[in-house]
Amino acid sequence: MADVGAMNKTKTEEASVPRARTQESALVTPRGTTTIDSVVVTKIAGLAAREVSGVYEMGGGTARALGAVRGMVGGERSATQGVAVEVGERQAAIDIDLVVEYGVAIPDLANGVRKNVISAVERLCGLEVTEVNIRVDDVHLPGQEKEQERSETEEGPRVE
């Protein structure tokens, strides 16, 4: 009788363990395999995150500084700034660094960004997004750019 109890316990434990997806992916078919490079997923995730209202900028302090320098010399803003991905055959995991507008509820913003990124990557790439980790690096305060511009112009030239 002890064996029956052990068998029932094993069946219960097995039922609680999530099963792996057996569903076929649109990327792996009998006629061939489609591979999506991580740069593609990174760009799509970055653009999807920027679409959400309340996202001011993306990337950590160093990435934003480099982006500002790139902008001064006429370069374009990078769609991949602040986004890191891991891409497998059927799945992707995404990490995003954000700067949020002051006054925006961060948990709501993170939920909105997460939903938009998952939707875009799954729809456009056919990959299952296993996670979207969001790190908020800073809060953008109203009028911050005007203060920086004023201090730069008030300083004047450093040499004559």
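# Exercises on a predicted model

Asp97 and Arg135 form a salt bridge, with their closest N and O atoms 3.9 Å apart. A salt bridge here is a side-chain nitrogen of Lys or Arg within 4 Å of a carboxyl oxygen of Asp or Glu. The model is predicted: local features need pLDDT of at least 70, side-chain atom pairs count only at pLDDT 80 or more, and totals for chains, interfaces and linings use all residues. Residues are numbered from 1 along each chain as its sequence is written, and side-chain values use heavy atoms, with hydrogens and water left out.

## Exercise 1: the salt bridges

Find how many salt bridges a search of the whole structure gives, and trace how they are joined.

Step 1. The search finds two salt bridges.

Step 2. Start with the pair of Asp97 and Arg135. Asp97 lies in strand β5 and Arg135 in strand β6, so this pair ties together parts 38 residues apart in sequence. Strands (E, at least two residues) and helices (H or I, at least four) are DSSP runs, numbered from the N terminus.

Step 3. Turn to Asp137. Asp137 also forms a salt bridge with Arg135, and here the closest N and O atoms are 2.7 Å apart.

Step 4. Join the pairs. Asp97, Arg135 and Asp137 make one network through shared partners.

Step 5. Check the cover on Asp137. Its relative accessible area is 25%, so Asp137 is partly exposed. The scale runs from buried (under 20% relative accessible area) to exposed (over 50%), with partly exposed in between (1.4 Å probe, protein chains only).

## Exercise 2: the strand pairings

Work out which strands pair with β5, and in which sense.

Step 1. Take β6. β5 and β6 are parallel and share 11 bridges. Two strands pair if DSSP finds at least two bridges between them. Val100 has Val139 as its bridge partner in β6.

Step 2. Take β4. Five bridges link β4 to β5, and the two run antiparallel. They form a hairpin with three residues between them. Val83 has Ile96 as its bridge partner in β5.

Step 3. Take β3. Three bridges connect β3 and β5, again antiparallel. Met58 stands opposite Leu98 in β5.

Step 4. The protein chain has five helices and six strands. Along the sequence they follow the pattern α-β-β-α-β-α-β-β-α-β-α.

## Exercise 3: the nonpolar core

Name the residues that touch the most other members of the largest nonpolar core.

Step 1. A nonpolar core is a set of buried Ala, Val, Leu, Ile, Met, Phe, Trp, Tyr and Cys residues joined through side-chain atoms within 4.5 Å.

Step 2. Read off the members. The core has 26 residues, and Val41, Ile94, Ile96, Val113, Val117 and Val121 touch the most others.

Step 3. List the elements. Two or more residues come from each of α2 (38–50), β3 (55–58), β4, β5 (91–101), α4 (106–125) and β6. α4 gives the most, with six residues.

Step 4. Look around Ile96. Beyond its neighbours within four places in sequence, its contacts (heavy atoms within 4.5 Å) include Ala49, Met58, Val113, Val117 and Arg135.
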